[in-house]
Amino acid sequence: MSGTTQPFTPSADLARPSVADAVVGSDASPLFIRKPNPDDGWGIYELVKSCPPLDVNSAYAYLLLATQFRDTCAVATNEEGEIVGFVSGYVKSNAPDTYFLWQVAVGEKARGTGLARRLVAAVMSRPELEGVHHLETTITPDNQASWGLFRRLADRWQAPLNSREYFSTDQLGGEHDPENLVRIGPFDTRRI
């Protein structure tokens, strides 16, 4: 039984524009958006830790996202290969026209650049999501940055935004704010 082995490519090499989905930012400080890979798990974990109020999952969970869900996730790196942005999600198996966005994180070095919106747009523009016309996520009532992002996405995509309570504080163990389910759509993918 013979198998082919994929060559190892360091994260810094993967940051080059030749493998990036998109290059954003300024000429002096470009950011490269691409699919994550196994080398990115720890960097994603460290990024999310630096972005309160996001819930931090295990490094193992981020490694799984970077490998098993790479087609529906994205990282943004600077020229040195440092991960400065991340979005994770998946297409719902029971609603294949819906992308569920799990987390979006933008590090301090890349804030104010519109990177969160660009990360979401990069994922939503992939061929793997061609049939998706709705985006869902959950947001705590007090996370104004996330509410602002999703309102801007709905406006940009000219699509309705609806929300309702999804997980109560009790369901989340009594020490977590409730999570509202936010749904944008339907939208025309050409507006992304």
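Guide: Tyr62 and Phe86 are both buried (under 20% relative accessible area, 1.4 Å probe, protein chains only). This is a predicted model: local features need pLDDT of at least 70 and side-chain atom pairs 80 or more, while totals for chains, interfaces and linings use all residues. Numbering runs from 1 along each chain as its sequence is written, and side-chain values use heavy atoms, without hydrogens or water.

Six aromatic pairs occur in the structure. A pair means rings of Phe, Tyr or Trp (its six-membered ring) with centres within 6.5 Å; planes under 30 degrees apart are stacked, over 60 edge-to-face, the rest tilted. Tyr62 and Phe86 make one of the pairs: with centres 6.0 Å apart and planes at 80°, the pair is edge-to-face. Distant parts of the chain are linked here, 24 residues apart: Tyr62 sits in helix α3 (residues 59-68), Phe86 in strand β4. Helices (H or I, at least four residues) and strands (E, at least two) are DSSP runs, numbered from the N terminus.

Another pair joins Trp157 and Phe187. Its geometry is tilted, at 4.6 Å centre to centre and 50° between the planes. This link too spans distant parts of the chain, 30 residues apart: Trp157 is in helix α5, Phe187 in the segment after β8 (179-184). Trp157 is buried, with 1% relative accessibility. Phe187 is buried as well, at 5%.

Ring pairs also build a cluster of Trp42, Tyr45, Tyr62 and Phe86.

Now the pockets. A pocket is an open set of points on a 1 Å grid over the protein atoms alone, where a 1.4 Å probe fits, with protein on both sides within 12 Å along at least five of seven lines; lining residues have an atom within 4 Å of a point. β4 (83-92) is among the elements that give two or more residues to its lining, and so is α5 (144-157). The lining counts 26 residues; Asp55, Trp102, Thr138, Ile139 and Glu179 lie nearest the centre. β5 gives the largest share, five residues.

The second largest pocket has about 440 Å³ and 20 lining residues. There α5 contributes the largest share, four residues.

Notes: Points joined across faces, edges and corners; volume = space filled by probe spheres on them. Buried < 20%, exposed > 50% of the residue type's maximum accessible area, 1.4 Å probe, protein only.
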